[in-house]
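I'm going through the model piece by piece and jotting down what I look up.

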Amino acid sequence: MNRAVITGLGVAAPNGLGVDAYWSATLAGVSGIGRITRFDPSGYPAVLAGEVPGFDPAAHLGPRLLPQTDHMTRLALVASDAALADAAVVPQRLHEYAMGVVTASSSGGFEFGQRELEKLWSGGPQQVSAYQSYAWFYAVNTGQISIRHGMRGPSGVVVADQAGGLEAVAHARRRIRRNTRLVLTGGVDGSICPWGWVAQLAGGRLSGRDDPGTAYLPFDARACGHVPGEGGAILVAEDLDCARERGARQVYAEIAGYASTFDPAPATGRGPALRRAVQLALADAGLRPADIDVVFADAAGVPALDRSEADAISAVFGPGAVPVTAPKTMTGRLYSGGAPLCP
Amino acid sequence: MRRRVVITGIGTIAPGGLGTKAFWELLTSGRTATRRISFFDPSPFRSQVAAECDFDPDREGLTPQEIRRMDRAAQFAVVCAREALSDAGLGPHELRPPRTSVVIGSAVGATTSLEREYVVVSDGGRLERVSHEYAVPHLYGYLVPSSFATEVAWAVGAEGPTTVVSTGCTSGLDAIGYATDLIREGSADTAVAGATDAPISPITVACFDAIRATTPRNDDPEHASRPFDRSRNGFALGEGAAVLVLEEAERARRRGAHAYAEIAGFASRCNAFHMTGLKPDGREMAEAIRAALDEARLDGTDIDYINAHGSGTKQNDRHETAAFKRSLGPHAYRTPVSSIKSMIGHSLGAIGSIEVAACALAIEHRVLPPTANLHNPDPECDLDYVPLVAREQRTSAVLCVGSGFGGFQSAMVLARPDRRAA
């Protein structure tokens, strides 16, 4: 079976735009969480978010793309450019059907959508942009990335909230195993606009604290919810042999094992399914728990969910037997963008 | 040996009648379910036509809390999933939860509920800083439509891989293709898979108005969806859902399940051309068709029916006619092609799964649904489109295609389940 490896990274994170900025901030413990600047959050019960700093879309994208894209799509396009550059892949040199795009999305281009809803309801149907038909929907990033790089192979879009990024990477591996040579994959999300904010608040899990240092404290006794963010990562996933053949400058990692499970309805009394997912992913990778050197946690920041996650990790690895980390405490939770950021 | 996947249960909600039986009756009668939009006053809009479902969630057995919590599209999916399980002869305790997967497609998720709630929190579009105090607690489930898969998984008791696939108007085909992959690779033995969309709301109608994609044939709504006809002028927006029970073939055989059809091959490609535009040559769709045939280990000449995307836009119908010729060669001229969108409109992501259901029923009942409203074919659309009247014909292998915004082109091959094991 073809082995899927990661050969390029493109990052747009609240604590750093670009892989180097993100990674050095993460190692230094520098957080990108702060008071929202994309709109005035005063009066809302949560005011903190992770926003990508120093992003100038016009510096990266042409005048044709700007009016038809939401903020999060612009971030995704820039991350996809960066990932290909990092992998030193020139798409024009590969066969068009040998390259695909699989991304995850949670809420699409919600900020764009709010603007168009406002035009419709305050001005009438004639005010609605022609771009609304695709700028907001969940498939927009995959579509725009495939157009930008001429990738005509098997592609896809999954929506699975915070798990979406992992689903996308797993689906990319599936495509590579079935002979797609290269897949741009990952997720970039963000709905930091008043309408997106109100919808996120309705989920009931946002931290109401206004101190960036203590607002999002997963696994801490003071945990009181999370801080959301925007951004994520796009990865170049490649067939290992193809990567070697073209002399890829680096192979960061192999996508070695994956599994997904679903928690039963609370009323059934059946326990949560995370432990089984971890065990199945290990089995898929052909590894034992002792082979795992670090766990990047989901880190909900909600005490009951944190305990449940800690229980699942302890049940598989033994109590305190593996380091568990959550660098998303420095970016906020990025929905489908979160998991692909874990390096 | 390769694991094969068969369809053993079908649940459908489509305009013109709820449930799979009513759906098939409508398709074979050649009647249309398009009408003047009744969900809101359509008079300010360019296109005032849609194919609406007369769906009463209460009568369909949903509880008051489920009705409050779920977007209409999620309601469709749950009702369809229950019908599909029952059709497959599977009781609630006959599924092994860890080995059961749920994959639901949707192009636009909970857009109708989102718009309804937006109007409240923005006080009719007046407030840019919308009010959290007027937001319903279920708004988060509308924001992130993986809630659709959650609802279906809860309803059927699945604990295997569960996700939503959202590739625009190919979501339905792609969700079934995704679930087929999960069973083939061994991640699940059973999958409850399909797609749902309930997009008939002002913002959706307005955005298709803006690009003139939908039909303005407002004075004749019953005949507004006219795929392949010279007078076609856009698609008729629709809504609905279909959810299938997919099973590993050997497991289905052991329990004595009835198999409608095998999902023999699936492939998707992107045109990497334009978010909404299509090149007339049908090149990428043809490539998807060839790849799906390869996976099915079939030849183009084995195909004896094509369920077309057939949306009824000027560009689509020429695009896919070219794709059929490019992929099947002269055999395209001998192969009946039809578009059920002529009768039930275009329900965006949902329609692909509804069309797969129609293909399975066509194989089962040996009848091809017609293309309604096709009186004067476009000279550039010169295949056999089964005009107006259903046709009795036995089929062994059928092709179902979809094309969507974002450039997605998908193709699925379904085969009569008793064909020789490849």
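Axes are lines fitted to C-alpha atoms, for helices over the stretch in contact, with angles from 0 to 180 degrees between N-to-C directions.

Ground rules next. This is a predicted model, where local features need pLDDT of at least 70 and side-chain atom pairs count only at pLDDT 80 or more, while totals for chains, interfaces and linings use all residues. Residues are numbered from 1 along each chain as its sequence is written, and chains are lettered from A and ligands numbered from 1 in the order in which they are written. Helices (H or I, at least four residues) and strands (E, at least two) are DSSP runs, numbered from the N terminus.

**Entry: α4 and α8 of chain A.** I looked up the axes of α4(A) and α8(A), which come within 8 Å and cross at roughly 115 degrees. The two helices are therefore roughly perpendicular. For contacts I use C-beta atoms, placed from the backbone, within 7 Å. On that basis A:Phe110, A:Glu111 and A:Gln114 of α4(A) meet A:Pro194, A:Trp195 and A:Gly196 of α8(A).

**Entry: α3 and α6 of chain A.** Helix α3(A) (residues 71–87) packs on α6(A) at about 45 degrees, the axes lying 10 Å apart. That angle makes the pair oblique. From α3(A), A:Thr73, A:Ala76, A:Leu77, A:Ser80 and A:Leu84 take part, and their partners in α6(A) include A:Val140, A:Gln144 and A:Arg148.

I also checked A:Ala85, which sits in α3(A).

**Entry: β5 of chain A.** Six of the six residues in β5(A) (99–104) are buried. A:Met99, A:Val101 and A:Thr103 point one way, and A:Gly100, A:Val102 and A:Ala104 the other. Strands count as paired if DSSP finds at least two bridges between them. β5(A) runs parallel to β7(A) (residues 182–189) over six bridges, with A:Val102 bridged to A:Thr185. Three bridges link β5(A) to β6(A), also parallel, and there A:Ala104 partners A:Val158.

**Entry: where the chains meet.** I count 59 residues from chain A and 66 from chain B in the contact. Which element gives the largest share of chain A's side? α8(A) does, with seven residues. Chain A's side splits into 32 nonpolar, 19 polar and eight charged residues (nonpolar is Ala, Val, Leu, Ile, Met, Phe, Trp, Tyr, Cys and Pro; charged is Asp, Glu, Lys and Arg; the others, Gly among them, are polar). Two bridges join β6(A) to β6(B) (residues 162–165), running antiparallel, and A:Val159 partners B:Val164.

**Entry: a sheet in chain B.** Last, I found an open, mixed sheet of three strands, ordered β3-β4-β8. β3(B) and β8(B) are at the edges with a single partner strand each, so one side of each lacks a neighbour in the sheet. β4(B) (residues 49–51) pairs parallel with β8(B) over two bridges, and B:Ala50 has B:Leu237 as its bridge partner.

How values were computed:
Contact = placed C-beta atoms within 7 Å. Parallel < 35°, antiparallel > 145°, perpendicular 65-115°, else oblique. Buried ≥ 20, exposed ≤ 12 C-beta atoms within 10 Å, placed from the backbone.
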